Amino acid sequence: MEGLGRPAPAEDAVRYRLFAAAAKGDGAEALLRRCADAIVVRFAPLLAAYIWQREPFRLRYAPPRGETPAHIGGTTLFGDNVEDEWFIVYLVREITREFPGLAGRVDDNDGEFLLIEAADFLPKWLNPENSDNRVFFYKGELHIIPLSEAQEQDCDPSAASPTISQVLRLLSSRSEEFLAAEPIRTALYKRISGYPEKIQASFHRAQCYLPAGAAAVLRQRPALVAAAVQAFYLRDPIDLRACRSFHIFPPDQRVMTVVTFTKCLYAQLVQQKFVPDRRSGYTLPLPSHPQYKAYELGMKLAHGFEILCSKCSKVSPDSKRNVLSGPLWERFLSSLKEKNYFKGEMEGSAKYLELLCMAEDYFQRSVTKPECSEESPGDEILTLLQTTTIDMKEFEREAACLPPEDDDSWLEITPDDLDQMLKEARSESLSSLNEEEQKYDLEEVAESMKAFVSKVSTHEGAEMPWSSDESHVTFDVDSFTRALDRILGEDSEELDSDDLDEEQEFNFSDEDNEDLDAENQRQEEKVLPDELIGSLKSYMDEMDRELAHTNVGKSFTTQKKGASSVKATASQSTGPDSGAEDTELTPVDVDMNLITNLLESYSAQSGLAGPTSNILQSMGVYLPENADRVGSNKGATE
C-alpha cells in the first residue's frame, strides 16, 4: 500500500498534492507544469497579502515515485496557527474547482484530518486503518471512495486502501458515484466558509514603538513580522546573547508605527512576559503609561529582528534581482496587472511600490525553484536594510496621524463566550427557547434508554440505538419459552423478571439442598408446578404488602388506572404517590421512574458534563435546562 512506505508529514505540518485525473505519462507532466504556473497567477492576489505563521503555500512538481503518480504539491509548516492549515484546504478545493482536470488531496500527521471534522456523519465502515487514499477534492467537491464490493461483503474493517492511480481512474470516469454525503460535505465546508473575506478578519493591527530600520523592513515586507515573532517566541539563552548589545536595530532611533499581525502572532507576542537586558538600551515606561503596550510590543519585535539577523549569513543583494529578471516573473507581473492587483494605482506611487514589494516577496518565496538560493528571513532583512532608504521625517509625519489600533478584547474569553462556542461546535441554536416551544418526547427518552441498556457491548464500546448500521441479535423465542416452561411450568408467563430472580434465590437448587437426604429430594420433585408457583406468588404478595407501607414502597411512582405509563404521569410530582396506603397495590411505573431519575441526575450536573447528558446526547437526545432552577437562581441574584 502506498501509505505504508511513505513517512507521515511532520507535526504541525500539512501536505497537499494535486494529481492529473485523466492524463498520463508526458501528458500528465506537461499538464501539471502548466497548471502550476496558472495557479500561481490565479491565486497571487489572494496569497500575496497573506501572513503565514511559519511557511507559505508553495507548489512544486514531483515526478512519479513508486505507486504515487506525478503531481504538484508541497508541505507547509503552520506551527501554532491552525487557520493556515484550513486556508490551504480552502485553496486546494478552489484549485480543483478552477482546474477541473486536477484532483486534490490534503493530509497531515493525524492522517485524514478532513474526516475528523465530519466524524459524526461518517459511514461505519470508514476508520483510520482503511481511510488512506480515499478522500479527494475533485471539481470543487469532496469525494470519498467506498469499499469495493468484495471488501464490503467480507465486512473487513481493515481492508486495504486503494492506490492513488486507481482512485484517479474512478474519479475521471464516474466521479458522481463517489460524491461524499451531504452532511459530511456540509460539516467540512462550514469549517472553511468565509474565505477569502476571513483573511482580513484574522489580522490584528497594533501600534508599536519600533526601531526605524525594523519599521522600514516591515513596510517593504509585512510578512516578515511572523519570522520576528517566532524568533522572539522561541528564543533561548544563546539567542539572547545577541540582544545584549543591538548592532542592527539599536534603540536610539525609534518611531511609532502600525504593524499588522495575525491574531495568533499578536497573542504569542502579548502573552509572553519579558524584561530586556539592561545593556541592550531598551527601557519601558511605567505600566500606567498610555503607550506602554506600544513600547513593549516594539521592544519584543526588535529582539526578534535582532535574533534573526544574528543567525544569517551575509548574501549579495544581487541574488534576489536574478530571481526577478526571468520570463516567468514577467508573465507573473503582467498577469497581476490584468487582474487589477494594483487597484488602479499609478506606477511608481507609494501604494504601487508597496503592492509590488509584496508580489515580489510572494514570487521569491513561493514560485522560484528550490535550486535557486533561497534567503533566510535574516538574510532578507539585511538585504532590505542595504537597499532601503530610511526617512525619519516621513516616519514622524506618519506617526502624527496613525489610524487607531484594533481592539484586542478577543484575547479574553468569558465563561459565557466559552458556552456559546461549545454550543456552536455541536450545532445547537444560540437563542434560548421557552420550555413550551421545546417539544421533548419523554416516551422516546425512556425507549432510547431501554434500547441502550439492551445492547451488547464489545471491545469497541457500546452501540448507540440510533446507529443505522446496527447488527441484529438472533433470538429464538420458542426455544426460550420451552426452556422456561420446563423450569416453571405452563403459567410462567404470569411472572416477571423480578419474580424469576426471587425464585432463583429461594429455589431448590442442588447447592442449597446438599444436606437433604434422597427421600426429601424426591418429595420436592413431586410437587406440582401450580402449587410451587402459587406458593411463590403468595410469598411475593405478602412481601409487597409489607413494603407498601415503608419508605421503600413510597420511593417509587406507581401507575394510574386507565393511563399509559409516561404520558399519564408526566405532570405528576416526583415525590411519593398519594395512594400508596390504599389496600389495592398498583404496579410500579418503570418508565416514569426512569425519567424521574434521569432528570434528577441531569439537574445535579449543574450544567456540566456528566453521565446522563453524555449518554443521552450520544443517542441524539438533548434535555432542556432546569427551568425551575434557572428561575430560582435569577430570583436570588435579583
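Predicted model: local features only at pLDDT ≥ 70, side-chain atom pairs only at ≥ 80, totals over all residues.
I take helices (H or I, at least four residues) and strands (E, at least two) as DSSP runs, numbered from the N terminus. Residues are numbered from 1 along each chain as its sequence is written, and side-chain values use heavy atoms, with hydrogens and water left out.

**Entry 1: the chain overall**

I counted secondary structure first. The protein chain has 28 helices and eight strands. I then looked up burial, where buried means under 20% relative accessible area, exposed over 50%, and partly exposed in between (1.4 Å probe, protein chains only). Of the 638 residues, 40% count as buried. The chain exposes about 36,900 Å², by the Shrake-Rupley method with a 1.4 Å probe; for residues, only the protein chains shown count as cover. Carbon and sulfur atoms supply 51% of that area. For contacts I used heavy atoms within 4.5 Å. Among contacts with a separation of 6 or more, 78% join residues 24 or more positions apart.

**Entry 2: the network around Asp107**

I searched for salt bridges, meaning a side-chain nitrogen of Lys or Arg within 4 Å of a carboxyl oxygen of Asp or Glu. The structure holds 19. Arg15, Arg105, Asp107, Glu112 and Asp132 are linked in a network of them. Asp107 lies in strand β4 and is buried at 3% relative accessibility. Its side chain makes a polar contact with the side chain of Arg15 at 2.8 Å. I count a polar contact as a pair of N or O atoms within 3.5 Å; within protein, one must be able to donate a hydrogen and the other to accept it, and residues adjacent in sequence count only if both atoms are side-chain atoms.

Arg105 is in strand β4 (residues 102-108) and Asp132 in the loop between α3 (113-117) and β5 (135-138), so the pair ties together parts 27 residues apart in sequence. Both residues are buried.

**Entry 3: two more pairs**

Glu141 and Arg185 form a salt bridge through their side chains at 3.7 Å, N to O. Glu141 sits in strand β6 (residues 141-144) and Arg185 in helix α6 (residues 182-191), 44 residues apart. Glu141 is partly exposed at 24%, whereas Arg185 is buried at 18%.

Glu394 and Arg219 also meet in a salt bridge, at 3.4 Å, N to O. This pair links helix α17 (residues 392-399) to helix α8 (residues 212-220), across 175 residues. Glu394 is partly exposed at 29%, and Arg219 is partly exposed at 30%.

**Entry 4: nonpolar cores**

I grouped buried Ala, Val, Leu, Ile, Met, Phe, Trp, Tyr and Cys residues joined through side-chain atoms within 4.5 Å into nonpolar cores. The largest has 103 residues, and Ile39, Phe87, Phe261, Leu301 and Phe332 touch the most other members. Helix α1 (residues 25-47) gives this core its largest share, eleven residues. A second, separate core of eleven residues includes Ala21, Phe136, Tyr138 and Val167.

I listed contacts of Phe261, leaving aside neighbours within four places in sequence. Among them are Phe203, His204, Val225, Tyr266 and Leu301.

**Entry 5: cysteines**

I looked for disulfides, pairs of cysteine sulfur atoms within 2.5 Å. The whole structure has zero. Cys264 is buried at 18%, and Cys309 is buried at 6%.
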